[in-house]
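Welcome! Have a look at the structure below, and then we can go through it together, one question at a time.

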Amino acid sequence: LEQLPSLATSNTPSPSLSPALNTLLTWPDAQVFPALDLLRASLLNPASQSILLEKSSLDQIFSSCLKHVDKTSPPPCQMLALRALSNLFSCQQGEDLLRTYRESVISRVFEQLFPIVGDNKNIQIAAATLLLNFSVSVTRKFDDDTQVQLLSALSINFLTFINDWEARFRTVVAIGTLLTTSPEGVDYAKNLETKDAVRGWRLLEGPAKVSECAQLIENML
């Protein structure tokens with residue numbers, strides 16, 4: 001256990017630490033917070049990414065994160081699970097994994113996370129960041145199904161329930177990013193009445209960066 005933090009800090013972490021982390025990720029909800037925090041940090045360490053993304057440990061990591069993308073999970077666990085998933089985008093292997101399991105991840109966010117407990121701003125920001133990372137990934141390798149699922153989640157849930165301004169900023173950036181990828185995305189957003197919801201945020205006179213992005217989206221729609 002004493003060596004586990006080296007997964008986040010060492011240039012040469014031991015592969016033997018991965019099974020230990022996987023065991024900690026199975027702890028009860030009330031005790032699993034430190035393990036999720038270590039996972040979140042370790043996924044940003046290039047030296048640990050190949051270890052953690054081995055098939056033998058990947059299933060446990062992925063299932064643990066998805067389990068806590070749920071409004072019934074303790075709020076700190078929800079936030080850390082979302083951040084860990086976002087951090088998978090920091091390497092190609094992780095991004096490929098998320099693209100493969102995109103439908104289950106976004107569906108989990110769409111169906112199990114909202115409405116966010118207590119309007120927790122850290123969960124809002126973490127969720128918006130995850131979908132923003134998915135949106136950027138679409139620009140690198142376009143996929144129509146991914147675009148449609150993302151726009152649905154962002155327009156139906158995020159534009160309805162998100163009230164933290166930083167999370168709102170990341171939401172409108174994600175939507176704007178998706179709208180630039182294809183004309184079909186613009187048409188789909190029109191059907192979702194995304195423009196009206198975005199206009200509502202702009203009229204609230206929040207931070208300028210949100211209003212400016214909202215205006216750009218209105219112009220595209």
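Angles between axes under 35 degrees count as roughly parallel, over 145 as roughly antiparallel, 65 to 115 as roughly perpendicular and the rest as oblique. This is a predicted model, where local features need pLDDT of at least 70 and side-chain atom pairs count only at pLDDT 80 or more, while totals for chains, interfaces and linings use all residues. Residues are numbered from 1 along each chain as its sequence is written, and side-chain values use heavy atoms, with hydrogens and water left out.

Q: Are helix 8 and helix 9 roughly parallel or roughly antiparallel to each other?
A: Helices here are DSSP runs (H or I, at least four residues), numbered from the N terminus. Helix 8 covers residues 102–113 and helix 9 covers residues 121–140, and they pack at an angle of about 150° with their axes 12 Å apart. Those axes are lines fitted to C-alpha atoms over the stretch in contact, with angles running from 0 to 180 degrees between N-to-C directions. The two helices are therefore roughly antiparallel.

Q: How many residues of the contact of helix 8 with helix 9 are charged?
A: Contact means heavy atoms within 4.5 Å, and here it is made by Arg102, Val105, Ile106, Val109 and Leu113 of helix 8 and Ile123, Ala127, Leu130, Leu131 and Phe134 of helix 9. Ala, Val, Leu, Ile, Met, Phe, Trp, Tyr, Cys and Pro count as nonpolar, Asp, Glu, Lys and Arg as charged, and the others, Gly among them, as polar. The contact residues divide into nine nonpolar, no polar and, as charged, one.

Q: Why is the pair of Phe89 and Phe134 edge-to-face?
A: Rings of Phe, Tyr and Trp (its six-membered ring) pair if their centres lie within 6.5 Å; planes under 30 degrees apart count as stacked, over 60 as edge-to-face and the rest as tilted. By this rule the count comes to four aromatic pairs. In the pair of Phe89 and Phe134, the ring centres are 5.1 Å apart, and the pair is edge-to-face because the planes are at 85°.

Q: How many residues apart in sequence are the parts tied together by Phe114 and Phe161?
A: The rings of Phe114 and Phe161 have centres 5.9 Å apart and planes at 35°, so this pair is tilted. Phe114 lies in the loop between helix 8 and helix 9, and Phe161 in helix 10 (residues 144–161), so the parts they tie together are apart in sequence by 47 residues.

Q: Is Phe114 buried or exposed?
A: Buried means under 20% relative accessible area, exposed over 50%, and partly exposed in between (1.4 Å probe, protein chains only). Phe161 has 34% relative accessibility, so Phe161 counts as partly exposed. At 7% relative accessibility, Phe114 counts as buried.

Q: What kind of peptide bond joins Phe114 and Pro115?
A: Most peptide bonds are trans. Pro115 is in the loop between helix 8 and helix 9. With omega at about -10°, the bond joining Phe114 and Pro115 is cis.

Q: What is the phi of Glu205?
A: Most residues other than glycine have a negative phi. Glu205 sits in the loop between helix 13 and helix 14 (208–220), and counts as exposed at 70% relative accessibility. Although Glu205 is not a glycine, its phi is positive, at about 55°.

Q: What is the relative accessible area of Thr194?
A: Thr194 lies in helix 13 (residues 194–203). Not counting residues up to four places away in sequence, Thr194 touches Ser155, Leu159, Ile175, Ala189 and Leu221. Thr194 is buried, with a relative accessible area of 1%.
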